[in-house]
Amino acid sequence: MNLGFVIDNRKCIGCHACTVACKAEHSVALGVNRTWVKYIEKGVFPFSRRYFSVHRCNHCENAPCVTICPVGALFTRDNGIVDFDKERCIGCRSCMQACPYDSLYIDPETKTSAKCNYCAHRVEKGIEPSCVVVCPEQAITSGDLDDPESGISRLVSHERVMVRKPEKDTRPKLFYIEAEQTMLRPSAAPPHVIYTQAEQASGVGHYAKNSGRRGLKPRVSGLLPCEPDRPDPAPKAIQARRVYDAPARGVLWGWELPAYLWSKSIGAGLVFITLALQLLGLGELTLRQEWHIAGAGLAMMVLTALFLVKDLDRPGRFIYVLLRPQWKSWL
């Protein structure tokens with residue numbers, strides 16, 4: 001079994017029913033989302049149009065979040081669902097950095113990573129995910145991609161489908177039918193501070209502490225070619241605008257990150273310089289000097305460990321890196 005999603009953009013009306021159903025099903029906190037709807041507008045009145053796009057975890061076959069997690073909190077089920085174990089997560093946020101689809105977030109209540117898990121608890125009982133059931137237009141299809149007779153397999157086989165960022169080689173299993181290119185490429189319509197129905201002056205919830213003092217700056221989208229549905233006497237170069245999206249997360253890390261990079265560099269540098277001097281014969285150090293340098297290097301490495309632990313959202317679980325390591329992670 002290889003479960004996946006198909007989003008039919010011909011049917012989606014941007015009603016947010018999937019977002020609300022997901023929040024209700026998983027008790028998702030305010031300010032964060034497991035699934036959300038993005039709005040893009042293109043054209044100039046009267047030749048303008050709005051596009052909707054549902055975004056969430058892509059349940060990649062080659063999921064970078066699973067590979068990078070140092071404690072194995074993210075894993076792939078036998079049915080292809082990329083799931084997470086909040087009891088194992090240490091809150092290092094490496095999975096958020098690795099995910100090219102911006103699908104993960106830190107739960108402000110548990111301080112652990114979370115995302116769409118395909119409603120695995122429902123699938124185990126033979127029930128479709130809540131977003132699929134609630135969609136009034138049946139724009140979301142779920143099912144087994146390995147079953148040629150399933151509805152999702154027929155859609156993928158017979159319709160012109162697209163995925164986000166195929167160049168990342170994550171082999172995502174979230175497919176879009178007739179998706180607007182500007183919906184799938186974030187750089188095509190950069191985020192704004194003021195949207196049609198919301199304002200985002202800074203990061204929200206967990207991220208506000210690092211981004212509130214900086215804020216998000218208004219950005220103007222570039223001009224993109226567009227083919228309107230009707231003959232347009234206006235120039236073909238018209239603007240694509242992001243008019244609604246999920247709240248921006250802001251800065252993921254605070255001062256701890258540059259602090260432990262500096263302390264680690266200093267500690268390693270002291271040891272390296274001492275070793276280089278001895279091997280190359282460029283200088284002689286007394287035993288006292290060697291002990292002082294070694295002590296200073298060790299102190300900086302201990303300081304690095306303290307900064308690393310403080311940077312975690314669940315610092316009490318730091319020991320999991322030693323007791324429950326995920327050896328494929330370069331971390």
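What follows is one walk through the model, beginning with the rings.

A: First, some ground rules: this is a predicted model, in which local features need pLDDT of at least 70, side-chain atom pairs count only at pLDDT 80 or more, and totals for chains, interfaces and linings use all residues. Residues are numbered from 1 along each chain as its sequence is written, and side-chain values use heavy atoms, with hydrogens and water left out.

Now the rings. Two rings of Phe, Tyr or Trp (for Trp, its six-membered ring) make a pair if their centres lie within 6.5 Å; the pair is stacked if the planes are under 30 degrees apart, edge-to-face if over 60, and tilted otherwise. Counted that way, there are four aromatic pairs. Start with Y39 and F52, an edge-to-face pair with 4.9 Å from centre to centre and 75° between the planes. This pair links distant parts of the chain, 13 residues apart: Y39 is in strand β2 (residues 35–44) and F52 is in strand β3 (residues 47–56). (Helices, H or I with at least four residues, and strands, E with at least two, are DSSP runs numbered from the N terminus.)

With Y244 it forms a tilted pair, 5.2 Å centre to centre and 45° between the planes. Here the link spans 205 residues, from Y39 in strand β2 to Y244 in strand β12 (residues 237–244). Put together, ring pairs tie Y39, F52 and Y244 into a cluster.

P46 sits in the loop between them, and the peptide bond from F45 to P46 is cis, with omega near 10°. K111 has a positive phi of about 60° although it isn't a glycine; look for K111 in the loop between β6 (105–106) and β7 (113–114). E178, another residue other than glycine, has a positive phi near 50°, and its loop runs between β10 (174–177) and α7 (181–184). K111 is partly exposed at 32% relative accessible area, and E178 is partly exposed at 45%.

Rings can also meet charges. A charge sits over a ring if NZ of Lys or CZ of Arg is within 6 Å of the ring centre and within 35 degrees of the ring normal. The charged end of R56 does this over the ring of F5, 4.6 Å from its centre. R324 lies over the face of Y320, 4.4 Å from the ring centre.

T19 counts as buried because its relative accessibility is 9%. Apart from neighbours within four places in sequence, T19 is in contact (heavy atoms within 4.5 Å) with N33, T35, W36 and V37. T19 and C131 are 112 residues apart in sequence, yet their C-alpha atoms are 7.4 Å apart. For a contrast, find S157 in helix α6 (residues 151–158), which is exposed at 59%.

Zooming out, the chain has eleven helices and twelve strands, and 46% of its 331 residues count as buried. Of the contacts with a separation of 6 or more, 67% are between residues 24 or more positions apart.

Finally, look for the second largest pocket, which has 20 lining residues, with C92, Y260, L308, W330 and L331 nearest its centre. Helices α3 (94–98), α9 (256–280) and α10 (287–311) are the elements that each give two or more residues to this lining.

Notes: On a 1 Å grid over the protein atoms alone, a cavity is a set of points where a 1.4 Å probe fits but cannot get out, and a pocket is an open set with protein on both sides within 12 Å along at least five of seven lines; lining residues have an atom within 4 Å of a point. Buried means under 20% relative accessible area, exposed over 50%, partly exposed in between (1.4 Å probe, protein chains only).
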